[in-house]
Amino acid sequence: MKEPDFPDNEAQRIKDLHSLDILDTEPEERFDRVTRIAKHLFDVPIAVVSLVDNHRQWFKSCIGLPVRETARNVSFCGHVINDEGPFIINDATKDPRFLDNPLVMGEPFIRFYAGVPLVYHNQSKLGTLCIIDTKPRELTMQQMAYLVDLAKVAEQELEATIQATLDPLTQISNRRGFFELSEKSMDYCRMGGFCVALAYFDLNDFKAINDKLGHKAGDEALQKFADLMASSFSDSDVFARIGGDEFVVFMSGLTEKVAEIAVERFRKSVERFNDEENRGYEIKFSVGIVVAKPSSDMSIDSLLEEADKRMYQEKCASK
């Protein structure tokens, strides 16, 4: 086994990493959404945002592993931060650097590994976005480009630009964050021949909640609506608050019928909240759903526009 070397700028790299004050913090949606999408897009059991500390690699977000850190000297990510671009191992059992690595010989039995360095201030490689499989595989050039794109999203979060992509009230994506993530998901679905669905939600009579109970209650309703979206839709779906009381969810690989079932499941969760919580208000919404086939040339903008029209039609019909 070959232990990873230390980068030439190791002292500055560690200083930059520690300056973020992010190590050993709780999981955050802004990083978890990146690993969820990576796991779904590449159909792998493990996806990680890893930060390489002095003697360990620590996982800010991790799907598929029961631990939050491993030793740096056995880490694959320790090798990535010495590379300029994607670091790909198609079959670790055939690579002399890794074939006797304890993470290959034992849990999690790594075979395939692909990692992209996360660069801070264009100088320090603080860690990686990586995907891992327990069987050998390869990535196409286009897939590698998608992985790099997702790594850029994780980089933006490390650069403390979270306010640009996350809604501060609900802690889900805002309009900009939604476009960044959904466009990447849409590209991948087209390449794989999958349908995509977009649902556009608008809360009914939301102004009345603010007028009757105050803005604190209105904010609470918005936060709860976002929480219900997070618990009702798939981990790989991209959901966001794109306006005052307007929300959207982008669903990968769903036909119109399945998308309608997903929205109906969400509707029932909202109805349960109304029945059980007794907050002095009820959350009600109108929704428009649009589905695009892989051959469609519809953009995220056009999907939003069409779903908005259908939502408005439903809203008018309910009055």
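**Notebook: charged residues**

I looked up Arg30 to start with and found it buried, with a relative accessible area of 13%. The model is a predicted one, and I kept that in mind throughout. Arg30 sits in helix α2, which runs over residues 29–42. Its side chain makes a polar contact of 2.7 Å with the side chain of Glu28.

Next I turned to salt bridges. The count came to 27. I noted that side chains of opposite charge can pair when their charged atoms come close.

I checked Arg36 and found a salt bridge with Glu29, with 2.6 Å between the closest N and O atoms. Arg36 is buried at 14% relative accessible area, while Glu29 is partly exposed at 27%.

I then took Lys135, which forms a salt bridge with Asp133 at 3.4 Å between the closest N and O atoms. Asp133 is buried, and its relative accessible area is 1%.

In helix α10 I looked at Glu306 and Arg310, which are four residues apart and so separated by about one helical turn. They form a salt bridge, the closest N and O atoms being 3.0 Å apart. Glu306 is partly exposed at 27%, and Arg310 is partly exposed at 33%. I also recorded a network in which salt bridges with shared partners join Glu28, Arg30, Arg33, Lys60 and Glu157.

Asp149, Glu183, Asp187, Asp301, Glu305 and Asp308 form a negative patch. Helices α6 (175–192) and α10 (300–317) each give two or more residues to this patch. The largest share, three residues, comes from α10. Asp308 lies in α10 and is partly exposed, with a relative accessible area of 30%.

How values were computed. Residues are numbered from 1 along each chain as its sequence is written. This is a predicted model: local features need pLDDT of at least 70, side-chain atom pairs count only at pLDDT 80 or more; totals for chains, interfaces and linings use all residues. Side-chain values use heavy atoms; hydrogens and water are left out. Patches are made of residues with over 30% relative accessible area and no salt bridge: like charges are joined within 9 Å, nonpolar side chains (Val, Leu, Ile, Met, Phe, Trp, Tyr) within 5 Å. Accessible areas come from the Shrake-Rupley method with a 1.4 Å probe; for residues, only the protein chains shown count as cover. A salt bridge is a side-chain nitrogen of Lys or Arg within 4 Å of a carboxyl oxygen of Asp or Glu. Lys and Arg count as positive and Asp and Glu as negative; His and the chain ends are not counted. The place of a charge is taken as NZ of Lys, CZ of Arg, CG of Asp or CD of Glu. Buried means under 20% relative accessible area, exposed over 50%, partly exposed in between (1.4 Å probe, protein chains only). A polar contact is a pair of N or O atoms within 3.5 Å; within protein, one must be able to donate a hydrogen and the other to accept it, and residues adjacent in sequence count only if both atoms are side-chain atoms.
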